[in-house]
Amino acid sequence: MDHFLYKDGVLHAEDVPVADIAAAVGTPFYVYSTATLERHFNLFNDALEGLDHLVCYAMKAASNVAILKTLARLGAGMDVVSGGEYLRAKAAGVPGDKIVFSGVGKTREEMRLALEGGIRQFNVESEPEMEALSAVAEGMGLRAPITVRVNPDVDAKTHAKIATGKSENKFGIPISRAREVYALAARLPGLEVIGIDVHIGSQLTDLEPFRQAYLKVGELTGILRADGHDIRRLDLGGGLGIPYTRGNEAPPLPSQYGAMIKETLGHLGCEIEIEPGRLIAGNAGLLVSEVIYVKSGEGRDFLILDAAMNDLIRPAMYDAWHDIVPVIQPAPAAEQQPYDIVGPVCESGDTFARQRMMPALAAGDLVAFRSAGAYGAVMASEYNTRPLVPEVLVNGQDFAVIRARPTFDEILNRDIIPSWL
Ligand SMILES: *Cc1c(COP(=O)(O)O)cnc(C)c1O
């Protein structure tokens with residue numbers, strides 16, 4: 001459920017007409033709903049009630065500091081994958097003991113930054129990383145709290161680019177090698193082993209792969225405890241999917257996910273951490289765009305938008321399907337026609353949808369991409385020297401620009417001309 005509904009024939013973000021934001025900010029832009037962000041965080045938090053737990057928002061899904069603050073004031077922790085994201089979490093006021101550092105290639109500088117500022121734990125993914133972290137921490141007179149990310153070799157049954165839990169993926173250490181890797185961790189003077197981490201992929205629409213992975217983590221907990229490791233925290237990753245197509249797909253609810261966690265791991269007395277990203281931010285954001293031209297091609301009509309693949313890359317990169325709706329509500333009996341919906345970038349890949357049934361649209365009309373809040377603005381670029389798409393946050397009747405569109409002067413002034421030119 002989200003808070004983007006038609007009221008009086010106009011699409012609203014909570015109580016604000018989307019067309020009003022377009023008039024104030026210009027198109028294209030992303031708009032997020034505070035109420036939806038809060039609702040989704042609370043669904044996860046409630047789903048784990050009764051367990052000692054922390055919901056760490058995976059901010060790579062949408063990392064604007066205003067979004068992070070919205071979640072942090074509800075008590076969210078943060079899952080970060082870079083030094084930059086760590087600094088964003090800090091800028092949002094998240095204390096270090098609620099920040100988890102994930103990722104397969106943390107640099108020594110990033111480790112130092114997080115150890116200096118405070119960290120809940122590092123989820124380490126390899127033996128060389130362990131040795132580096134131990135050396136960095138020891139050099140600072142510290143012991144770094146760690147979990148080891150294990151790769152449970154389960155098929156997440158999701159898009160190949162976002163599956164991470166099979167043995168051929170680059171992530172984690174094979175679960176079959178866990179005992180020797182934990183033994184090494186225990187010997188390294190700069191590390192303190194506190195738990196186990198697993199994350200098998202993104203946009204999972206079935207609980208079964210999670211269940212298989214979590215059962216393996218439960219079994220491993222017993223084995224590692226018998227080896228003398230104090231396993232007291234289980235980080236179960238993120239990955240729960242959202243419905244991009246309304247009606248067809250019904251991913252499990254956070255409540256069902258939480259019940260499955262309690263059933264598979266609740267008896268172990270561990271603190272439970274989860275790292276949802278997409279499910280918190282995905283349906284909390286729209287990308288709003290204006291139709292520049294309607295172009296009639298051979299046997300097909302193109303809707304040419306002012307948004308492009310540089311603003312929302314998911315269709316080009318993951319073959320993703322986004323619901324695209326007119327901002328002015330069509331009449332209930334309005335006839336639909338097929339359009340190819342494209343952006344202005346000079347690549348055929350700059351296609352958002354092919355032969356999409358839409359009511360008739362004209363130049364100047366506004367459309368909204370639904371479910372664009374996660375992996376949208378954060379993956380935007382300035383390809384074709386198109387200014388980075390701005391972001392807006394709505395809260396009830398209020399809205400605010402939370403990242404402004406850069407001016408062309410700002411863009412051009414970033415380039416530096418060397419002395420010989
Ligand atoms: C990407 C990622 C997440 C979040 O995944 P979602 O599908 O957005 O929930 C969580 N943890 C790790 C380690 C990740 O890489």
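A backbone N or O atom of Gly277 lies 2.9 Å from an oxygen atom of the ligand. This is a predicted model, where local features need pLDDT of at least 70, side-chain atom pairs count only at pLDDT 80 or more, and totals for chains, interfaces and linings use all residues. Residues are numbered from 1 along each chain as its sequence is written, and side-chain values use heavy atoms, with hydrogens and water left out.

A polar contact here is a pair of N or O atoms within 3.5 Å.

| Residue | Protein atom | Distance to a ligand oxygen atom |
|---|---|---|
| Gly277 | backbone N or O | 2.9 Å |

Taken alone, the ligand exposes 390 Å², and the protein buries 92% of that. These areas come from the Shrake-Rupley method with a 1.4 Å probe.

**The shell**

Which residues come nearest to the ligand? They are Lys60, Ser202, Glu275, Arg278 and Tyr375, out of 14 residues around the ligand. A residue is near if one of its heavy atoms lies within 4 Å. By class, the shell has three nonpolar, six polar and five charged residues. In this scheme Asp, Glu, Lys and Arg count as charged; Ala, Val, Leu, Ile, Met, Phe, Trp, Tyr, Cys and Pro count as nonpolar; the others, Gly among them, are polar.

**Cysteines**

How many disulfides does the structure hold? It holds zero. A disulfide needs two cysteine sulfur atoms within 2.5 Å. Cys56 is in no disulfide, and its nearest cysteine sulfur, that of Cys270, is 15 Å away. Cys56 is buried, at 0% relative accessible area. Cys270 is also buried, at 7%. Buried means under 20% relative accessible area, with a 1.4 Å probe and protein chains only.

Conventions. A polar contact is a pair of N or O atoms within 3.5 Å; within protein, one must be able to donate a hydrogen and the other to accept it, and residues adjacent in sequence count only if both atoms are side-chain atoms. Buried means under 20% relative accessible area, exposed over 50%, partly exposed in between (1.4 Å probe, protein chains only).
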